[in-house]
Amino acid sequence: MAQPYPEKIWHNGSIKPWAEATTHVMAHALHYGSSVFEGIRCYQTPEGPAIFRLSDHNRRLFASAKIYDMAIPYSLDEINAACREVLRANDFSTDYLRPVAFRGLGGFGLSADTPTDVAVATWKMGQYLGAGVLEEGIDACVSSWQRFAPNTIPAGAKAGGNYLSGQLVAREARRLGFGEGIALASTGLLSEGAGENLFLVFDGALHTTPVSAALLNGITRNSIIALARDAGIEVIERDLPREYLYLCEELFMCGTAAEITPIRSVDGRQVGAGRAGPVTQQLQRLFFGLFDGTTPDRHGWLEPV
Ligand code: PMP
């Protein structure tokens, strides 16, 4: 089904009709993957629409640009304001924001100093991995594709080119009938999902793979670590071998799009009881409670529109 497009988009400094935010086919980013972007959710809360960790997401946008030596011709405040503006321009009919900065038209060489184009789009994301998955969980597989090796493509940047890896992992998983794919790092140890970080539960404690395992340091991952520690759940960041996916009591993936999605099986082996376990459910309650007001926002993560 074709994605229905919202009416308005923010592009290079102003709100315009969706169809007018065009770029040339010879834009650098289209050929070389030279873009950096973010994915951010807006939730309806009792106090009105709030953007979850808007400033932290856009700080990561600037960090990704720094890694690639790309100048963004706007300030953090201006990009934050553009995010709010595009939600308002679409009458809050959407729930997801996509700021993107990319090397535009202005040179064909790899090291060309092209201008940086910036856009902020918004659309309705809903449940990224499918209806009902937050309750029922998904069946996942370990991909035949590994993540990039250290000092090749920086996993810490959320850059367009990195998502060639994610596409290989996600498309292979879907082709084989799985809900999502999990990638190993070049070390053969666990990395992350195609577009999600991983948490495993052993003896009631949360274990997650470290940033040295070729993963994106997710803002949802960081939020879950904080919520868990606030609730007295132990959190351990550590290297984990593949087979621990089969042996843990509970397993879930997390990300802005995937939120907290339980994994009920990996490679055809049932994980735990084959449904969301108690720690996963507790974290889901704490996380979604931020948006209905049942979890106090003690870290100041909700940024009003
Ligand atoms: N890993 C990858 C590869 C991702 O694309 C994402 C989604 N941005 C994540 C992890 C989760 O990051 P976040 O929680 O910041 O959305």
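User: How many residues does helix 8 (residues 278–292) have, and how far does it reach from its first C-alpha to its last?

Analyst: Helix 8 has 15 residues and reaches 20 Å between those two atoms, close to the 21 Å expected at 1.5 Å a residue. The expected span of a helix is 1.5 Å times one less than its number of residues. Helices here are DSSP runs of H or I with at least four residues, strands are runs of E with at least two, and both are numbered from the N terminus. This is a predicted model, in which local features need pLDDT of at least 70 and side-chain atom pairs count only at pLDDT 80 or more, while totals for chains, interfaces and linings use all residues. Residues are numbered from 1 along each chain as its sequence is written, and side-chain values use heavy atoms, with hydrogens and water left out.

User: Which residues of helix 8 are buried?

Analyst: Buried means under 20% relative accessible area, exposed means over 50%, and partly exposed lies in between, with a 1.4 Å probe and protein chains only. In helix 8 the buried residues are V279, T280, L283, Q284, F287, G289, L290 and F291. Just after this helix, G293 takes a positive phi of about 90°.

User: Q284 is found in helix 8. What does its side chain lie 2.9 Å from?

Analyst: A polar contact is a pair of N or O atoms within 3.5 Å; within protein, one must be able to donate a hydrogen and the other to accept it, and residues adjacent in sequence count only if both atoms are side-chain atoms. For Q284, a polar side-chain atom lies 2.9 Å from the backbone oxygen of I260. Q284 has a relative accessible area of 11%, so it counts as buried. A second case is T261, in strand 15 (residues 259–266). A polar atom of the T261 side chain is 2.6 Å from the backbone oxygen of A258. T261 is buried, because its relative accessible area is 0%.

User: What span should helix 6 (residues 219–230) have, and how far apart are its end C-alpha atoms?

Analyst: The 12 residues of helix 6 should span 16 Å at 1.5 Å a residue, and the end C-alpha atoms are 16 Å apart, which agrees. Of those 12 residues, 9 are buried, so the helix is largely enclosed by the rest of the structure. The buried ones are I219, T220, R221, S223, I224, I225, A226, L227 and A228. Just after helix 6, G232 has a positive phi of about 80°.

User: Which residues come nearest to the ligand?

Analyst: A residue is near a molecule or strand if one of its heavy atoms lies within 4 Å of it. There are 15 residues around the ligand, of which K158, Y163, E192, T220 and T256 come nearest. Helix 2 and helix 6 each supply at least two residues of this shell. The corresponding distance is 2.6 Å for T220, and 2.6 Å for T256. The protein covers 95% of the 390 Å² of accessible area that the ligand has on its own. Accessible areas come from the Shrake-Rupley method with a 1.4 Å probe; for residues, only the protein chains shown count as cover.

User: Where are D91 and D203 found, and are they buried or exposed?

Analyst: D91 lies in the loop between helix 3 (76–89) and strand 6 (96–103). Its relative accessibility is 65%, so D91 counts as exposed. Phi of D91 is near 55°, a positive value in a residue other than glycine. D203 is in the loop between strand 11 (197–202) and strand 12 (205–208). D203 is exposed, because its relative accessible area is 74%. Its phi is also positive, near 50°, again in a residue other than glycine.
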